[in-house]
Amino acid sequence: MKLSYRLELLAQMCEKGKAMADVGTDHGFLPFYLLENQLFSHVYCCDISRQSLNKAVETFSNWGARFVQEGKVTFELADGLSDNIARNVDVAVFAGMGGTLIISLLNKISDENLPPFILAQPRNKPELIRKWVYNKGFTIDNEAYFIEGPRPCEIFKINTKCNNPSAHVTEKNNEIDLFFPYSILTAKGNLAQYLKRQKVRYTNVLKTLEDRTDNTSADERYRFFSELIDRINEMEDTLKRSMEAR
Ligand SMILES: C[S@@+](CC[C@H](N)C(=O)[O-])C[C@H]1O[C@@H](n2cnc3c(N)ncnc32)[C@H](O)[C@@H]1O
């Protein structure tokens, strides 16, 4: 099976292990690929929707019925990830869902049962994922930035066992770092395209605030988004200089 660029990055960042869970699996392409390529020996395909989970069942019955017969795949109709599955996997993937939903699903798992690694690929609000990681004292071991169609995308590989409350102390205290930390500059993916797309997006937000009437909170938002764009410009310059130096 040929994966999309986004799913391929997720597969690479899962690395290898015994068991993984794909929460909000839908078509089940990622767990299927990981089994097919012998990167994991058991996969849990989890989804809250029967219709979505049926797509994963179909993927396996079309291309990998042997995995079902060999008991290497579990289909779980559930809201998020149960503690029972969470404690049995090396990595749990939460991809293609909103940032707020991912955080609420992560908060339902008790800390002691969190898998060693979590891959989060939020459809929006990546700052919420960073905030959760920083507040828990976890670390982001690997990250990727790219675009998919019109959408800027992020993937975070969160290490829940490397508890280091001071690891992200600067980022934790700076709201701009929650949106655009400097770690983006050394991440995987297509950083230039990602930054360009984000600049367009926040420039449009800024434009909508230009007609603001006398209102302190709108002024604050205007200042904040201006600072975000300054940070993006700074990162683009750094990236350009490092490309030129190569
Ligand atoms: C856009 S699809 C993402 C599919 C796949 N993970 C990907 O990234 O390509 C989102 C899936 O999340 C599922 N979902 C939404 N809320 C969920 C929840 N609370 N628990 C588990 N799955 C959920 C939906 O049913 C849907 O199948």
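## Ground rules

Two residues are in contact here if their C-beta atoms, placed from the backbone, lie within 7 Å. Helices (H or I, at least four residues) and strands (E, at least two) are DSSP runs, numbered from the N terminus.

This is a predicted model, where local features need pLDDT of at least 70, side-chain atom pairs count only at pLDDT 80 or more, and totals for chains, interfaces and linings use all residues. Residue numbers start from 1 along each chain as its sequence is written.

## Where α6 meets α7

On the α6 side, Gly99, Thr100, Ile102, Ile103 and Leu106 touch Pro126, Leu128, Ile129 and Trp132 of α7. By class, that contact has seven nonpolar, two polar and no charged residues (Ala, Val, Leu, Ile, Met, Phe, Trp, Tyr, Cys and Pro count as nonpolar, Asp, Glu, Lys and Arg as charged, and the others, Gly among them, as polar).

As for geometry, α6 (residues 99–107) and α7 (residues 126–136) pack at about 25 degrees, with axes 8 Å apart. That makes α6 roughly parallel to α7, a label for angles under 35 degrees. Axes are lines fitted to C-alpha atoms, for helices over the stretch in contact, and angles run from 0 to 180 degrees between N-to-C directions. The crossing is right-handed, that is, the near helix is turned clockwise from the far one by less than a right angle.

## The sheet

Now for the strands: eight of them form an open sheet with mixed pairing, in the order β3-β2-β1-β4-β5-β7-β6-β8. Two strands pair if DSSP finds at least two bridges between them. β3 (73–77) and β8 (188–189) sit at the edges with a single partner strand each, so one side of each has no neighbour in the sheet.

Further in, β1 (residues 19–23) runs parallel to β2 (residues 42–47), joined by five bridges, and parallel to β4, joined by four. Methionine 20 has a bridge partner on either hand: valine 43 in β2 and valine 91 in β4. β4 also pairs in the parallel sense with β5 (residues 117–122) over six bridges, and there phenylalanine 94 partners alanine 120.

Six of the seven residues of β4 (residues 91–97) are buried, so this strand is largely enclosed by the rest of the structure. Buried means that 20 or more other C-beta atoms lie within 10 Å of a residue's own, again with C-beta atoms placed from the backbone.

How values were computed: Angles under 35 degrees count as roughly parallel, over 145 as roughly antiparallel, 65 to 115 as roughly perpendicular and the rest as oblique. A residue is buried if 20 or more other C-beta atoms lie within 10 Å of its own, exposed if 12 or fewer, and partly exposed in between; C-beta atoms are placed from the backbone.
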